[in-house]
Amino acid sequence: MVAVASLLATAPAYSQSPGVRARSGPDDAAGSIELVDPEVLRVCADPSNLPFSNRAGEGFENKLAELLAKKLGKGLAYSYYPGATGFIRNTLNAHLCDVVMGMPQGDDLVQPTNPYYRTSYAVVYRAGSDLEGLSSLADPRLANGRRIGLVANTPPGNLLARYRLLAAVKPYPLVVDTRVDAPAADMIRDLANKEIDVAILWGPIAGYHVKQSGGRLKLVLLTGDKGARMSYRIAMGVRHSDQEWKRALNRLIAQNQNEIDRLLADFGVPLTDESDAPITPSPTTPAPTTPAPIAPAP
């Protein structure tokens, strides 16, 4: 993900928000060369930013890249750069790669494809705590001496201000070098250690940590709180000049949407439709089996 910063009236960093590789410099206005190597899917990625991507290929954007490369019949290669200032300039616009796997729709830093998922910010709390059943930041229990973890300058801060809860916030940094710092993981650790009572995170990050917790954590999406935008559509990003490549990716997304949904759900990404209702991916249809050949009678 990259600079949803201006789009969200904040500056979300890739590790904490829907998209984040901060804006920097002009785009590829010089003209299109489309794909430098048509035989290889070349992906721009952060080397250390789970659940999105890492060098070991363990993130859901890595797995999505593998799926697309397979569908396209291409090899797969990465251009890695920390998801902060200069990401797009030093990867996509330098023609070192041809696609960013996660960008918010509407960001003009890149040309977005059609969105391949939609999700929201979420609040995470400890299972079995006296906050069981929390469904909104307006819950009066949060005004009773609670500590609230929040990545600084992200959209949920607007809701907390509306509910007069800013004094309860423990802030975590937004723009970091993901090779060194992991504010979301720090926040989840503080939640587990009872240093904070709730953690407010971008949905894919929240869902990943909840799934990793083995039932010790729960989440609720902030789709019922009105007064600030909490939900975003996420697309892939290509150079503004690469029209054919964008169309090819749009076809892939449309043809493989259910498989993409299942992949995201496997990582705990909470998916929603346009009315904020949860999406449950259809189960995989088992591949038909070919009967084993019968050996001829002796």
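Which residues in H1 meet Trp245, Leu249 and Leu252 in H6?

Author: Happy to. This is a predicted model, in which local features need pLDDT of at least 70 and side-chain atom pairs count only at pLDDT 80 or more, while totals for chains, interfaces and linings use all residues. Numbering starts from 1 along each chain as its sequence is written, and side-chain values use heavy atoms, with hydrogens and water left out.

On the H1 side, the residues that meet Trp245, Leu249 and Leu252 of H6 are Leu68, Lys71 and Leu72; contact here means heavy atoms within 4.5 Å. By class, this contact has five nonpolar, no polar and one charged residues. Ala, Val, Leu, Ile, Met, Phe, Trp, Tyr, Cys and Pro count as nonpolar, Asp, Glu, Lys and Arg as charged, and the others, Gly among them, as polar.

Helix labels come from DSSP runs numbered from the N terminus: helices are H or I with at least four residues, strands are E with at least two. H6 covers residues 243–255, and its axis lies 11 Å from that of H1, at an angle of about 100 degrees. Axes are lines fitted to C-alpha atoms, for helices over the stretch in contact, and angles run from 0 to 180 degrees between N-to-C directions. H1 and H6 are therefore roughly perpendicular. For the wording, under 35 degrees is roughly parallel, over 145 roughly antiparallel, 65 to 115 roughly perpendicular, and the rest oblique.

H1 (residues 60–72) also packs against H7 (residues 257–266), where the axes come within 10 Å and cross at roughly 155 degrees. That pair is therefore roughly antiparallel. H1 passes H7 in a right-handed crossing; a crossing is right-handed if the near helix is turned clockwise from the far one by less than a right angle, and left-handed if anticlockwise. Phe60, Lys63, Leu64, Leu67 and Lys71 of H1 meet Glu259, Ile260, Leu263 and Leu264 of H7. The residues of this contact divide into six nonpolar, no polar and three charged.

The structure holds one cavity of 30 Å³ or more, and about 30 Å³ of space lies in the largest cavity. On a 1 Å grid over the protein atoms alone, a cavity is a set of points where a 1.4 Å probe fits but cannot get out, and lining residues have an atom within 4 Å of a point. Points are joined across faces, edges and corners, and the volume is the space filled by probe spheres set on them. The largest cavity is lined by Val43, Cys44, Ala45, Ser53, Glu61, Asn62, Tyr78 and Met101. Strand S1 (40–45) and H1 each supply at least two of its lining residues, and S1 gives the most, with three. That lining divides into five nonpolar, two polar and one charged.

Definitions and conventions
On a 1 Å grid over the protein atoms alone, a cavity is a set of points where a 1.4 Å probe fits but cannot get out, and a pocket is an open set with protein on both sides within 12 Å along at least five of seven lines; lining residues have an atom within 4 Å of a point.
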